[in-house]
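Good morning, and thank you for coming. Please take a moment to look at the structure before I discuss its helix packing and its cores.

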Amino acid sequence: MRVVIAGGHGKIALRLERLLAERGDVAVGLVRNPDHVADLHAAGADAVVCDLEEASVNEVAAHLAGADAVVFAAGAGPGSGAARKDTVDRAAAALVADACHMAEIRRYLLVSAMGLDRADQRGTDEVFAAYLRAKAASEEDLSSRDLDWTVLRPGRLTDEPGSGLVRLGASVPPGEVSRDDVARVLVALLDEPRSARHTLELVGGSDPVDEAVAAAIG
């Protein structure tokens, strides 16, 4: 499989690239910063420098050409303001989806988040609320498209070593999940065509990843 990963230097993306490379797939990460290329190579991935806040849909489509699937794992990241939550977490996700249509790539996995309805709760930080709204908008946009999309909503992310045991479903109680296990679930979703057009929530649990995916998609 050839998988292009937007946000290729992110913590989940690097883990995903390593897993794909280890089993012989081709992982290609889109990165904004040329200084990050070496880290992707160290993970076994190819790297393409592409700023999704500046690139045209034609440019992105050219980078996606020949891919079997695309994973959107980009994010504005800590320290960014509300404006960049919109330009990256929403607009860039839509740009990549537009590029999938142009490049005739149907499989698109979006890494989102649980609890997107918290944006309007009293006391929610303004920038965090902007992030939640951007993710909700990206989900709404993607679900309206004629693509084989899957939305994965992890709980609170940790850097603890993954256990390979998770809880996955259309709705699960709030909790945390390691980035290792998020990457493992993404690989399993890529391998399972029946996961298309599912929105799934993910936290740590007691089910092996493959079993959790099979049960979640029925």
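The model before you is a predicted one. I begin with helix H4 and helix H5 (residues 126–143), whose axes come within 8 Å and cross at roughly 15°. Because angles under 35 degrees count as roughly parallel, H4 is roughly parallel to H5. The crossing of this pair is right-handed. On the H4 side, the contact includes Lys 85, Asp 86, Asp 89 and Arg 90; on the H5 side, Tyr 131, Lys 135 and Asp 141 are among the residues involved. By class, the contact of H4 with H5 comprises ten nonpolar residues, one polar and six charged.

H4, which spans residues 82–103, also packs against helix H3 (residues 57–64). Here the angle is about 65°, and the axes lie 8 Å apart. H3 and H4 likewise make a right-handed crossing. H3 contributes Val 57, Asn 58, Val 60, Ala 61 and Leu 64, while the H4 residues include Leu 95, Val 96 and Asp 98. This contact divides into ten nonpolar residues, one polar and one charged.

In soluble globular proteins, nonpolar side chains tend to be buried together. The largest nonpolar core holds 37 residues, of which Ile 5, Val 71, Leu 152, Leu 168 and Leu 186 touch the most other members. Helix H6 (residues 179–190) supplies the largest share of this core, with eight residues. A separate core of 30 residues lies apart from it, and Val 28, Val 60, Ala 67 and Val 151 are among its members.

Finally, which residues does Leu 152 contact, leaving aside its neighbours within four places in sequence? They include Leu 110, Ser 112, Leu 168, Val 182, Leu 186 and Leu 202.

Notes: Residues are numbered from 1 along each chain as its sequence is written. This is a predicted model: local features need pLDDT of at least 70, side-chain atom pairs count only at pLDDT 80 or more; totals for chains, interfaces and linings use all residues. Side-chain values use heavy atoms; hydrogens and water are left out. A nonpolar core is a set of buried Ala, Val, Leu, Ile, Met, Phe, Trp, Tyr and Cys residues joined through side-chain atoms within 4.5 Å. Buried means under 20% relative accessible area, exposed over 50%, partly exposed in between (1.4 Å probe, protein chains only). Helices (H or I, at least four residues) and strands (E, at least two) are DSSP runs, numbered from the N terminus. Contact means heavy atoms within 4.5 Å. Axes are lines fitted to C-alpha atoms, for helices over the stretch in contact, and angles run from 0 to 180 degrees between N-to-C directions. A crossing is left-handed if the near helix is turned anticlockwise from the far one by less than a right angle, and right-handed if clockwise. Ala, Val, Leu, Ile, Met, Phe, Trp, Tyr, Cys and Pro count as nonpolar, Asp, Glu, Lys and Arg as charged, and the others, Gly among them, as polar. Angles under 35 degrees count as roughly parallel, over 145 as roughly antiparallel, 65 to 115 as roughly perpendicular and the rest as oblique.
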